[in-house]
Every structure is written in C-alpha cells, then in structure tokens.
Amino acid sequence: MLDNAFVMVGIILLINVVYVSFFTIRMILTLKGQRYLAAFISVFEVIIYVVGLGLVLDNLNQIQNLLAYAIGYGVGVIVGMKIEEKLALGYTTVNVITTDLQGGLPNELRNKGYGVTNWLAEGREGQRLMMEILTSRKSEMNLYNTVKDLDPKAFIISHEPKAFHGGFWVKGIRR
C-alpha cells in the first residue's frame, strides 16, 4: 500500500493535518492553563509527528512527500484554528463605549444575563457611558450582536482576561 505514491502523499498529508491540529489545540490549552489535558494530547501529538516525519525521511528522495508534509502542516494550522474557534475555550472581557448616557443599555444587557459594570467616562467629544462585561467566548458574538442591535454606534473592544477573583462570575467560572 505504501508503495503507491498517491497513497503515500495522502497519508503524509493527513498525518500532518492531524498532527498540527493537535499541536495547535495543545498550545491553546497550555496557554489557557489546562496543563493536564494539554499533556494528554501531546502524547498523541508526538506519536503522530514521529510516524509522519518517519515516512517523509524514509522517502526523502521523493519531493512529493516533502511537499505533502509542508502542505499538511499549513492545512493543519487552519484546521486547528477552526477547531479552537468551535471549542471557544475561556472568557473574554468586552468593553463597550456609548453616547447613550441614560443607562438603558447596561440594564438591557443585565436583563439578558450579562454581568455589566458601568460608569461615566470622558471622551474627545464629551461624556460617554463605559461598560465592562465578562462573558464566555462561546457567547461573545451573541453579546456583540446584542450591543449592536441596541446601539449601532457603540464602540466595542474585547480582550482575554488571565485571572478572576471575586464578583458576579466567580461561581460560574469554577465549573
């Protein structure tokens, strides 16, 4: 079976897509502090890596194998990122700045289950209402769409928090 050049190229390509997808997921889990799950995935990752690299090195005289390895690596990066997007691990802090000073937007968001801290801030063109909202990454796009529906001119920016202590979300985050 491995004598057929097309089969060999397909196997190398597939192995590298799987390997790099595992690599990407493991790196993200490591960055998110999921060390044991990352270590478990790394066991399979390295087995797949050694098998794929071994196939290429055993047949180094065939350029198509090297190309399949390289293309598989690139495709694996994309596949790994897509998997991570679907998993949407962790939380994000969304900052919203609006000219709606009446306070309707924070209460609407609270009624939809979001924890909102708000205060008045000073912008270039006067007072603004500033809100800070912590949400799961799975709910992030929902939050963006809700804010845009309630105030299409709102300025929205987000970042990933590294640690939590106290407050509205702590009990839910521990799960």
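Analyst: Buried means under 20% relative accessible area, exposed means over 50%, and partly exposed is in between, with a 1.4 Å probe and protein chains only as cover. Helices (H or I, at least four residues) and strands (E, at least two) are DSSP runs numbered from the N terminus. This is a predicted model, where local features need pLDDT of at least 70, side-chain atom pairs count only at pLDDT 80 or more, and totals for chains, interfaces and linings use all residues. Residues are numbered from 1 along each chain as its sequence is written, and side-chain values use heavy atoms, with hydrogens and water left out.

User: Which residues are buried in H3?

Analyst: In H3 the buried residues are Asn-65, Ala-68, Tyr-69, Gly-72, Gly-76, Gly-80 and Glu-84. They pack against H1 and H2, where contact means heavy atoms within 4.5 Å.

User: Why would residues three or four places apart point the same way?

Analyst: An α-helix has 3.6 residues a turn, so residues at that spacing point the same way.

User: And what is buried in H2, and what covers it?

Analyst: Ala-38, Ile-41, Glu-45, Ile-48, Gly-52, Leu-55 and Val-56 are buried in H2. Their cover includes helix H1 (5–31) and H3.

User: What are the end-to-end spans of H2 and H3?

Analyst: The expected span is 1.5 Å times one less than the number of residues. H2 (residues 35–58) has 24 residues and should span 34 Å, which agrees with the 34 Å between its end C-alpha atoms. H3 has 25 residues and reaches 36 Å from first C-alpha to last, close to the expected 36 Å. Ala-88 follows H3 and has a positive phi, near 45°.

User: Switching to the outside. Which residues form the nonpolar patch?

Analyst: Leu-13, Ile-63, Leu-66, Leu-67, Ile-71, Val-75, Val-79, Ile-83 and Leu-87 form it, with about 700 Å² of accessible area together. Helix H3 (residues 63–87) gives the largest share, 8 residues. Leu-87 lies in H3 and is partly exposed, at 35% relative accessible area. Patch residues have over 30% relative accessible area and no salt bridge; like charges are joined within 9 Å, and nonpolar side chains (Val, Leu, Ile, Met, Phe, Trp, Tyr) within 5 Å. Areas come from the Shrake-Rupley method with a 1.4 Å probe, and for residues only the protein chains shown count as cover.

User: How many salt bridges?

Analyst: The count is 4, taking a salt bridge as a side-chain nitrogen of Lys or Arg within 4 Å of a carboxyl oxygen of Asp or Glu. One of them joins Arg-26 and Glu-45, with the closest N and O atoms 2.5 Å apart. Arg-26 lies in H1 and Glu-45 in H2, so the pair ties together parts 19 residues apart in sequence.

User: Are those two buried or exposed?

Analyst: Arg-26 is buried at 18% relative accessible area, and Glu-45 is buried at 6%.

User: Which residue does Glu-84 pair with?

Analyst: Glu-84 meets Arg-137 in a salt bridge, 2.6 Å from N to O. Arg-137 is in the loop between strand E3 (126–136) and helix H5 (140–150), Glu-84 is in helix H3, and the two are 53 residues apart. Glu-84 counts as buried at 11% relative accessibility, whereas Arg-137 counts as partly exposed at 21%.

User: Last one: which residues does UniProt list as transmembrane region?

Analyst: The unreviewed entry lists residues 6–29, 36–57 and 63–81. Positions are in the numbering used here, feature names are shortened, and annotations may be inferred rather than shown by experiment. In the model, residues 6–29 are 100% helix and 0% strand, with end C-alpha atoms 35 Å apart.
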